[in-house]
Amino acid sequence: MQLSKRQEDIVNIAKENGPITGEEIASTLNLARATLRPDLSFLTMAGVLEARPKVGYYYTGKGISNVIGEVLKQKKVNEIQGLPVAVNEETSVYDAIVTLFLEDVGTLFVVDNQNILKGVVSRKDFLKITLGDNDLNKLPIGIIMTRSPNVITVKDSDSALLAAKKIQEFQIDCLPVLGKDNDKIDDELVGRISKTHLIKIIAEIDI
Ligand code: ADP
């Protein structure tokens, strides 16, 4: 990832003259302070500059290389999660496949009637079961799901970076998000975070 020409100029000014205020950087570049605001906040978020109140900006000595990591670290799962699509353990595999298509997701979550997570079922689990000679209308989804406690989850207060690391480490597409909804129980299913949610944050990084 590369800095824009203006961001490079700002970094060079901070390197040579830091700590330096935003106004001073702006006047060196003959620009209005407001024009620089997005660049200064990006460089601060990326960890290239640090802002000390009443002192100004200074160069941290860190490059830009881990900007994606910094952005993912600052975002919380509950800022980017989607709605979970869940069925119960008795749902037939046939009905679950229909739900998968209707809801346009790749992974279904399985919950009990208190909305506590019991398992997950992915596309490959469905494909595997359709290879055998099974009556999909009679087979409950509980038979084919990956069952808790083997399900990898995140909390809604975790960072997006932790979600990305778990998805990568366990080679899965999607994580159930657990949290306390209305002061209920800890294991309640409150969201879903997929590779697509994480890609969206990266695509929105504005440099
Ligand atoms: P796909 O089937 O589309 O390749 P995944 O790679 O996510 O989807 O799933 C692969 C396997 O991992 C499946 O058996 C699935 O049940 C299991 N799995 C999916 N998500 C999780 C999770 N969050 N925790 C544990 N196992 C999971």
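Me: How far is the polar side-chain atom of arginine 123 from an oxygen atom of the ligand?
Reply: A polar side-chain atom of arginine 123 lies 3.5 Å from an oxygen atom of the ligand, where a polar contact is a pair of N or O atoms within 3.5 Å, and within protein one must be able to donate a hydrogen and the other to accept it, with residues adjacent in sequence counting only if both atoms are side-chain atoms. This is a predicted model, in which local features need pLDDT of at least 70 and side-chain atom pairs count only at pLDDT 80 or more, while totals for chains, interfaces and linings use all residues. Side-chain values use heavy atoms, with hydrogens and water left out, and residues are numbered from 1 along each chain as its sequence is written.

Me: And what are the distances for aspartate 125 and threonine 146?
Reply: For aspartate 125, a polar side-chain atom is 2.5 Å from an oxygen atom of the ligand, and for threonine 146 the corresponding distance to a ligand oxygen atom is 2.7 Å. Taken alone the ligand exposes 550 Å², and the protein buries 83% of that, with accessible areas from the Shrake-Rupley method with a 1.4 Å probe (for residues, only the protein chains shown count as cover).

Me: Which residues around the ligand come nearest?
Reply: There are 14 residues around the ligand, of which Ser122, Lys124, Asp125, Thr146 and Ile152 come nearest; a residue is near a molecule or strand if one of its heavy atoms lies within 4 Å of it.

Me: Switching to strands, is E8 buried or exposed?
Reply: In strand E8 (residues 174-179), 6 of the 6 residues are buried, so the strand is largely enclosed by the rest of the structure. Buried means under 20% relative accessible area, exposed over 50%, and partly exposed in between (1.4 Å probe, protein chains only), while helices (H or I, at least four residues) and strands (E, at least two) are DSSP runs, numbered from the N terminus. Cys174, Pro176 and Leu178 point one way from E8, and Leu175, Val177 and Gly179 point the other way.

Me: What does E8 pair with?
Reply: E8 runs parallel to strand E7 (residues 154-155), to which 2 bridges join it, and antiparallel to strand E9 (residues 188-194), with 6 bridges; two strands pair if DSSP finds at least two bridges between them. Valine 154 has valine 177 in E8 as its bridge partner, and glycine 179 stands opposite glutamate 188 in E9. The 3 strands form an open sheet of mixed pairing in the order E7-E8-E9, with E7 and E9 as the edge strands, each pairing on one side only.

Me: What about E1 and E2, how many residues lie between them?
Reply: E1 and E2 form a hairpin with 3 residues between them, and lysine 54 in the turn has a positive phi of about 65°. Strands E1 (residues 49-52) and E2 (residues 56-59) run antiparallel and are joined by 4 bridges, with glutamate 50 opposite tyrosine 58 in E2.

Me: Last one: where is glutamine 74, and why does it count as partly exposed?
Reply: Glutamine 74 is in helix H4 (residues 67-74), and it counts as partly exposed because its relative accessibility is 45%.
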